[in-house]
Amino acid sequence: MFCPKCGASLEDGARFCPACGSMIDAPEVETPAEPVYEEPVFEAPAAEPVTEAPAAEEGYTPAAEPAKKSSFLDKLPVSPKILGIAAGALVVVILLIVLLTSGGGASGAYTYVTSQIVATENDETAYIVSPNGKVQTIEGDGSIYTRVSANGKAGIAYSSGALYFFNESSNKKITDDCSGYYSISQDGSTVVYTEEGDEGYDLYTYKGGKSVKIASDVPCRQHTRMNIHAFSME
């Protein structure tokens, strides 16, 4: 740096010249201009040329697309989802039936459902109630007693020598001379009874609407087992 008056050498930043004493003006500092921001300009890419499909040659027929094969499920009236739910419900029902009929694994937990006749006495009248709700009455000459077969399908009623056979739909008198010994089979198909004979008892069976004498002068004694009269020949 040099003095503009005398040309003496000066130190950088000196305000006075040591040789001539002249004031040294501070050099002008150029202020840098602020940069001007210009938005970039984007150019859209040129569109690709559209190529037209070649025209079909005269007489050429394009091949048709293959038809979609229909499956068995497409022909069902319900959707496969609903069909699956129904199948699952059926499996659950089958399992419940198996568990109920097998007692669910518990010993003796079996369920039996059977239709049975109900017979009851009221003084000189017997009332027979069928599973369908039908009620029959049998009038006796004095006290009347009823017995129902083990399967509950038929029974007998006795009053002062008169013996009756009944089932779910009807009743019929077998004899007026029963000596008081009578029994009915477990399946309700056969009745055994006695009538007093000349020297003992005559033994009869009643089956299919008919009575047949199978023995004469049979000495009998009465056994009571499970409210059913049984007979034995001596």
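How many bridges join strand β10 to β11? I looked this up first, and I found that six bridges join β10, residues 201-207, to β11, the two strands running antiparallel. I noted that the model is predicted, so that local features need pLDDT of at least 70 and side-chain atom pairs count only at pLDDT 80 or more, while totals for chains, interfaces and linings use all residues. Residues are numbered from 1 along each chain as its sequence is written, and side-chain values use heavy atoms, with hydrogens and water left out.

**Entry on the sheet**

I wrote down that strands (E, at least two residues) are DSSP runs numbered from the N terminus, and that two strands pair if DSSP finds at least two bridges between them. With that in hand, I followed an open sheet of four strands in the order β8-β9-β10-β11, where the pairing is antiparallel. Its edge strands are β8 (178-184) and β11 (210-218), each of which pairs on one side only.

**Entry on cysteines**

I searched the whole structure for disulfides, meaning pairs of cysteine sulfur atoms within 2.5 Å, and the search gave zero. I then checked exposure, where buried means under 20% relative accessible area, exposed means over 50%, and partly exposed lies in between, with a 1.4 Å probe and protein chains only. Cys17 is buried at a relative accessible area of 3%, and Cys178 also counts as buried, at 5% relative accessibility.

**Entry on two loops**

Which residue lies in the loop between β1 (118-122) and β2 (125-129)? I found Asp123 there, with a phi near 60 degrees, a positive value in a residue other than glycine. Asp123 counts as exposed because its relative accessibility is 64%. In the loop between β5 (154-159) and β6 (162-167) I came to Ser160, which has a positive phi of about 50 degrees although it is not a glycine.

**Entry on a surface patch**

Last, I looked at Val118, Val129 and Val135, which form a nonpolar patch on the surface with about 220 Å² of accessible area together. Patch residues have over 30% relative accessible area and no salt bridge, and nonpolar side chains are joined within 5 Å, like charges within 9 Å. A salt bridge is a side-chain nitrogen of Lys or Arg within 4 Å of a carboxyl oxygen of Asp or Glu. I placed Val135 in strand β3, residues 135-139.

Key
Accessible areas come from the Shrake-Rupley method with a 1.4 Å probe; for residues, only the protein chains shown count as cover.
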